[in-house]
Amino acid sequence: MNKKYIVLLVVLLLMACIPFVPPIYQRYTKPLYKNYIDAKEWYGKVDCENLSQVRDYCDRRGYSTDYYILVDFSIPSGKKRFFIYDLQNGKRLMSSYCMHGSGKGNTDAKPKFSNEFGSGCSSLGRYVMVGKGRKFKNCIRLRGLDKTNYLAETRGILIHSAGKVTRFSGEREYIPLGSESLGCFTVSRDCVTKVMEIYQGASKQRPVMIYAKYN
């Protein structure tokens, strides 16, 4: 075979692999292709705030149909924006204040998002719980499932609590940024207790979907 055709074939094969490059750097809970299809359906057909649609999606795709967590970073940090839902009964179980990452470019009022190491920023997209963390007594490790957050587990992104959030009572429009979050979902102590309870129960049967969005 002519060398030019061989080179062209190699280039075409590499181009075909581009959509799957991010997952190669991360361990997933499901096969590579299935994650790609999962994401395509989630972003193309599911309203993340419609619990009926979310439950049907989770049922089809092998995620927990008991619980779902939605984090809306477009809501000011001075208001509760970390929501835990009961999918079986279609209702909200708990809500919490949640800090966003304090990395470069972030302000109290406006978060910046990044998937890069050392950015100190929060990341958007779908996550699942993968285990207890070691940095704090009570915390949960997360695995990112999208191009926007596939390095989350390697970056050490967690759900954990902080005194600043636990004590916060909405007296300001925004929670002052600090080292409490370098990309982690930093919530109240009671919220972390509930998240750990969910992980120890439902999440061990099927991974619980966590989705972080902005607008």
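Visitor: How many of the residues in strand β2 (residues 82-86) are buried?
Guide: Happy to start there, and do keep in mind that this is a predicted model. Strand β2, residues 82-86, is mostly covered. Of its five residues, the number buried is five.

Visitor: Which residues of β2 lie on each side?
Guide: Both faces of the strand are covered, and the residues on them are all buried. One side holds F82, I84 and D86, while the other holds F83 and Y85.

Visitor: Which residue in the hairpin of β2 and β3 takes a positive phi?
Guide: This hairpin has four residues between the strands. The phi in question is near 60°, and the residue that takes it is G90.

Visitor: Is S188 buried or exposed?
Guide: S188 sits in the loop between β7 (185-187) and α7 (189-200). Its relative accessible area is 14%. Buried means under 20%, so S188 is buried.

Visitor: Which residues is S188 in contact with, leaving aside its neighbours within four places in sequence?
Guide: Here we set those sequence neighbours aside. The contacts of S188 are then S96, Y97, S161, V165 and T166.

Terms used
Residues are numbered from 1 along each chain as its sequence is written. This is a predicted model: local features need pLDDT of at least 70, side-chain atom pairs count only at pLDDT 80 or more; totals for chains, interfaces and linings use all residues. Side-chain values use heavy atoms; hydrogens and water are left out. Buried means under 20% relative accessible area, exposed over 50%, partly exposed in between (1.4 Å probe, protein chains only). Helices (H or I, at least four residues) and strands (E, at least two) are DSSP runs, numbered from the N terminus. Two strands pair if DSSP finds at least two bridges between them. Contact means heavy atoms within 4.5 Å.
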